[in-house]
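The sequence and the structure come first.

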Protein chains: 2
Amino acid sequence: MAKNQSKIKIIPLGGLREIGKNLTLVEYKNEILIIDCGLSFPDDEMLGIDIVLPDTTYLEKNKDRIKGVVLTHGHEDHIGALPYLLKKINLPIYGTRLTLGLLEAKLKEHKLEQKVHLQRVKAGDMFQLGAFNVEFIRSSHSIPDACAIAVHTSEGIILHTGDFRIDYSTVDGEMIDLHRLGELGKQGVLVMLADSTNAERPGTTMSESKIGVALENAFMNTKSRIIVATFASHIHRLQQIINTAEKFNRKIVISGRSMINVFEVGAELGALHVPKDILIDIREMDDYQDDQLLLLTTGSQGEPMAALSRMASNDHRKLDIQKGDLVIFSASPIPGNEKMVSRVINQLFEKGADVIYDPMAEVHTSGHACQEELKLIHRLVNPKYFIPVHGEYRHLKQHANLAARMGVPEENIFTMENGQVLEMNQKQAKITGKVQAGPVLVDGLGVGDVGSIVLRDRKHLAEDGLMVVVVTLDKKEAKVVAGPDIISRGFVYVRESEDLLGEARAEVQKSLEQCEQKGIREWSQLKNAIRDSLKDFLYQKTQRRPMILPIIMEV
Amino acid sequence: MAKNQSKIKIIPLGGLREIGKNLTLVEYKNEILIIDCGLSFPDDEMLGIDIVLPDTTYLEKNKDRIKGVVLTHGHEDHIGALPYLLKKINLPIYGTRLTLGLLEAKLKEHKLEQKVHLQRVKAGDMFQLGAFNVEFIRSSHSIPDACAIAVHTSEGIILHTGDFRIDYSTVDGEMIDLHRLGELGKQGVLVMLADSTNAERPGTTMSESKIGVALENAFMNTKSRIIVATFASHIHRLQQIINTAEKFNRKIVISGRSMINVFEVGAELGALHVPKDILIDIREMDDYQDDQLLLLTTGSQGEPMAALSRMASNDHRKLDIQKGDLVIFSASPIPGNEKMVSRVINQLFEKGADVIYDPMAEVHTSGHACQEELKLIHRLVNPKYFIPVHGEYRHLKQHANLAARMGVPEENIFTMENGQVLEMNQKQAKITGKVQAGPVLVDGLGVGDVGSIVLRDRKHLAEDGLMVVVVTLDKKEAKVVAGPDIISRGFVYVRESEDLLGEARAEVQKSLEQCEQKGIREWSQLKNAIRDSLKDFLYQKTQRRPMILPIIMEV
């Protein structure tokens, strides 16, 4: 133990081989520092799941050793799981102004705002947390106040880039602190953990400020209403939209709960500059001409419940799409959302709107570094060890390849998985173990009560539906006194399939009679007999395999 | 009636405002000509559905007026629904060699090969079918033997482009017959129906022959095994892969049922040139060095049951991924498949393979015309009326916009929907009615027996699972004699939720007692009481809404 204490441990609990739920631990001298604590969104297999959290069992078991949580920025995949962790362990939280502002709104939802201690820091700050000297370094991302974190220890410097890109002409004039990164590189960085999201993409990410030009072009010749959909958290984008609206004398109506939230938090903290009187209420829209109106809304991912989707499908109480409306999708579909977005675009066109979207115009850019930007960071920081983070395996792998091309020796690159423990000092680094890690599913109020069995059943039900068979038996003689009754859902349309269900019932009856003849009275055997006979019968008739639920009652 | 008979009717029964199930009717002098009869694949909402067919009720009702079916090419979305139609109506089928070759394999699967009359034609052929003089015109697409169809009538020419692109350096040397299209244009085309798939994309589609160069680059320095995944029907692509394998002295192992099928049909018909002895059996692989092997497989869309996916997830009986294997995805993900493809890429990388895919290299190109190619066709054909086909609404709309820019008067452009009837002659054209059209869902052996209610139930079950409540009542007194028993699936993990299910049971019991006190004996009322009490209880406890199935038995 004593020997290990002088080594640094890096333990990612989330964010590796996946997009989302970023959570990384740094351990040194028996103390733990947490960097970020995000959630992720369910994939297609996770039927009915609302959100996914990282497994924090390891943290709960070692809570006395944790010195605090430092946050790189305020996106859901970096702060969204914090309320759930804080319900279990109260910890001091360190973050920049906007990051904490967004977190506070979450803590309120979870009724935690009184309990948690938030410590505001700013880029450039450095402070001691146990064995860790933590430094916040200005970065550049699709949300303001984003930082990289350098953790200085007596064994060396750990640099976590957070999510970043390099933009030489930013919207707010704040530029990633390349000087400081270069200084650290010169001083010597033990290990770098860096954003891999766009490691597959050659070249550089288009400057965010170019979006402003594309927006102006779109606004220039438009006499109709303009509707812009984008990510609520993308404050730079919102600022550019506000600026363009102001330039073209359009009032802004905000729609969507998260968008309204961000306007409140952003304006209050000065992160968003909203000209006086530019915002109007939805009910005031009638007082203005079409060419005086801009509607700013959520729903850029085609989410069925978001304002834009509801407008497109005539399901919004207060807002309709008018013929001639110009709708701008100032966002690209996140992988997996393509079809939902496409559905909304189709509906908007069908309603007579004009729609501007990704392949048609430059109305979106990414917040993550492409290969040329990554190369610059690698060259500046020049770390001894490298861990690609924030990406699926394909992204981590491409980032690892890039690091090797930039001169990091292969054996010093660690393409890790969640839960792995990497121990290192100036002499060597190696994976030494594994702690509990994995997804914790949240469905409604339930955290972790939906596991693989429940999901497997949901998948089965989704694909083939269900057939319930109920039989009531006489307790003494095990004779059928009522039923078998058959109820099906999600299998066939019942009214057109009366014959099939009648035959199925006869099949069950036959199998029960055979059981009686053989003297089979054991419930589990009866249930198996029902299930087997029905399964074969239905597959032969329909080539489908509905879930079969035999239920036996006794009187 | 007599008046209408001199007009031409165009009735699309599929392929409009969707990708897939292309089926277009031309009616003239009371006779019907069918162009294509394809299927589509289910979207995310169609849980458990295998394939989707166009509704052919209108054709069944008017079968005596149908003169035949002409096929533009052999892709599923153009021929896949034919077996289902032919089971209902026997019709003569006209198509080119490969198109009919691929169709024959399908007819055999459906045991229809003896019954159906297939008439082989070739590009350039023109023949009379009732009132229609049908001309097949060589086109260019991602499958050989693709044709446009010109239908000559005494009222004018109808030109259907089929799926097409313009490629000046094709793999098989066969070029789209621009001369003939120009001649028709000069002669005067009444109406053109044209492929809209890539109407959103500026510029031109990259030449298919460039893929060969990219493949050679990939093969050049590879000493390991090479695995290429692509669409089985993409015969030009297969040819280029075969050619490259031959050049680099690699034997080819084919994997995947549809790939094997296409090799048989393609080689037999001379559409695919397979050098002698280049194909080897999977069992002979051990006789060769890694750098002498090429594995050609299905699964480029990440389909879980395809050979490549099974290899990637260790689920293939005979083939494993070896460390160092080079896997080339010579296909782009079809919208909606991105996540499945990504999963397979991740698994391949994790197994130590090297993977080449879309953003990394030019190993795929589209078979559909981009904007500059569409403009050329519009300029050559110069139709009086225009109907964009083969696309979602967004594609049709962009194609309509392009047609307008190319000089077709707005009022002569018809962005139709499936089932609409467009009547036209040289003087005017207008939508005059609607016939039955829509999706027919196929699930296992059932064609059309899964409708919106079944799908709604599957969605409900998929998201929140199910709770079955069974009670046995005494027939005379309506007293509970057994139960209530509660069985849940896909709701919560039962072992960890015994308390919740116990409370739910008590809740049902309470509601049954209340019914007894109130003298409620009607089954439907009892069921509603159970459902309502349980629904509220469960939502309050879990914020979930499982499907609740109350079942009452009587003894």
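## Helix packing

Helix H7 of chain B spans residues 209-220 and helix H8 of chain B residues 235-247; they pack at an angle of about 35°, with axes 10 Å apart. Contact residues (heavy atoms within 4.5 Å) include Leu215(B) and Phe219(B) of H7(B) and Ile241(B) and Thr244(B) of H8(B). Axes are lines fitted to C-alpha atoms over the stretch in contact, with angles from 0 to 180 degrees between N-to-C directions. Helices (H or I, at least four residues) and strands (E, at least two) are DSSP runs numbered from the N terminus.

The model is predicted: local features need pLDDT of at least 70 and side-chain atom pairs pLDDT 80 or more, while totals for chains, interfaces and linings use all residues. Residues are numbered from 1 along each chain as its sequence is written, chains are lettered from A in the order in which they are written, and side-chain values use heavy atoms, without hydrogens and water.

## Strands

Strand S25 of chain B (residues 547-554) is largely enclosed by the rest of the structure, because seven of its eight residues are buried (under 20% relative accessible area, 1.4 Å probe, protein chains only). Strand S23 of chain B (residues 466-473) runs parallel to S25(B), joined by eight bridges; pairing requires at least two DSSP bridges. Val470(B) lies opposite Ile551(B) of S25(B).

## Symmetry

Chain A superposes on chain B by a rotation of 180° with 0.0 Å of shift along the axis, at RMSD 0.0 Å (least squares on C-alpha atoms of residues with pLDDT of at least 70 in both). This is the relation of a two-fold axis. In chain A, Ala462(A) comes closest to the rotation axis, at 2.4 Å (C-alpha).

How values were computed. Buried < 20%, exposed > 50% of the residue type's maximum accessible area, 1.4 Å probe, protein only.
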